[in-house]
Structure formats: structure tokens, C-alpha cells
Amino acid sequence: MSKMSEISLCIEELRTAAAAIISVADWLAEQFSESEMEELPTPPKPALTLEQVRATLATKSRAGHAAEIRTLLQKYGAEKLSQIDPVNYEALMRDAEVLDDAT
């Protein structure tokens, strides 16, 4: 068998395999429609810990944002991080993210 014949045979086998994969994908899509997939519960996002927040704020503080960090703590009614209600950790982290490290 010539090289061209071998290559043509390989190409045809690849096309056949691709068609089979598409067929299986279509069947799976029919079996598990989007509406059924949407019903699957999304795992809850793990809550931030005091240590995670402290590490982020310490990094920002070392980058020259100590005054801004103090202002953020006051925004959430505290003088120090340990006084912040854990419910506010997400919001505090979002506020701290906007402080850029290039100062």
C-alpha cells in the first residue's frame, strides 16, 4: 500500500470517528436537556475565613494601603479585623481588591 493510500485511509477513519463522537454528543444532549441540568444544585461557595481576609489585608497594607485598610475596617464598624462580622468578609474583600498594589 502506498503512503498516499495509507494517509487517505487514516483520514477516512478519523472522519468516521468524529462522526461517531458527534452522534454520541447529540444523544447525550437529548438525554440531559438544559432544563434538567439547571436543576442540579450548585455547590455553595466556601465561606472566607478570618485568616484568608487577614492575609489579603496584610498584603495590601504592606503595599502601602494601610490607611485605606483602616478606612475599610471603619466602614464595617470596626477598629480591627477581629471585630468585623464574618458575614461582611466577602464585601470587605471586594472593597480591598480595588486597592492596587502599585504604590
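1. The protein chain exposes about 8200 Å². Carbon and sulfur atoms supply 60% of that area. Keep in mind that this is a predicted model.

2. Burial comes next. The protein chain has 103 residues, and 17% of them count as buried. Buried here means under 20% relative accessible area.

3. Now the fold elements. The protein chain holds four helices and zero strands. Read from the N terminus, the order is α-α-α-α. The radius of gyration of the protein chain is 28 Å, while the globule rule gives 13 Å for 103 residues, so the chain is more spread out than a compact globule.

4. Taken along the principal axes, the C-alpha atoms of the protein chain fill roughly 80 × 40 × 20 Å.

5. Helix H4 spans residues 89–97. Its buried residues are Tyr 89, Ala 91, Leu 92, Met 93 and Ala 96. Which helix is included in what covers them? Helix H3, residues 50–75, is part of that cover.

6. Contacts in the protein chain can be sorted by sequence separation. Take those between residues at least 6 apart in sequence. Of these contacts, 63% join residues at least 24 apart.

7. Last, charge. The protein chain carries 10 positive and 18 negative side chains. The centres of the two sets lie 14 Å apart.

Methods
Residues are numbered from 1 along each chain as its sequence is written. This is a predicted model: local features need pLDDT of at least 70, side-chain atom pairs count only at pLDDT 80 or more; totals for chains, interfaces and linings use all residues. Side-chain values use heavy atoms; hydrogens and water are left out. Helices (H or I, at least four residues) and strands (E, at least two) are DSSP runs, numbered from the N terminus. The radius of gyration is taken over C-alpha atoms; the globule rule is 2.2 Å times the number of residues to the power 0.38. Buried means under 20% relative accessible area, exposed over 50%, partly exposed in between (1.4 Å probe, protein chains only). Contact means heavy atoms within 4.5 Å. Accessible areas come from the Shrake-Rupley method with a 1.4 Å probe; for residues, only the protein chains shown count as cover. Lys and Arg count as positive and Asp and Glu as negative; His and the chain ends are not counted. The place of a charge is taken as NZ of Lys, CZ of Arg, CG of Asp or CD of Glu.
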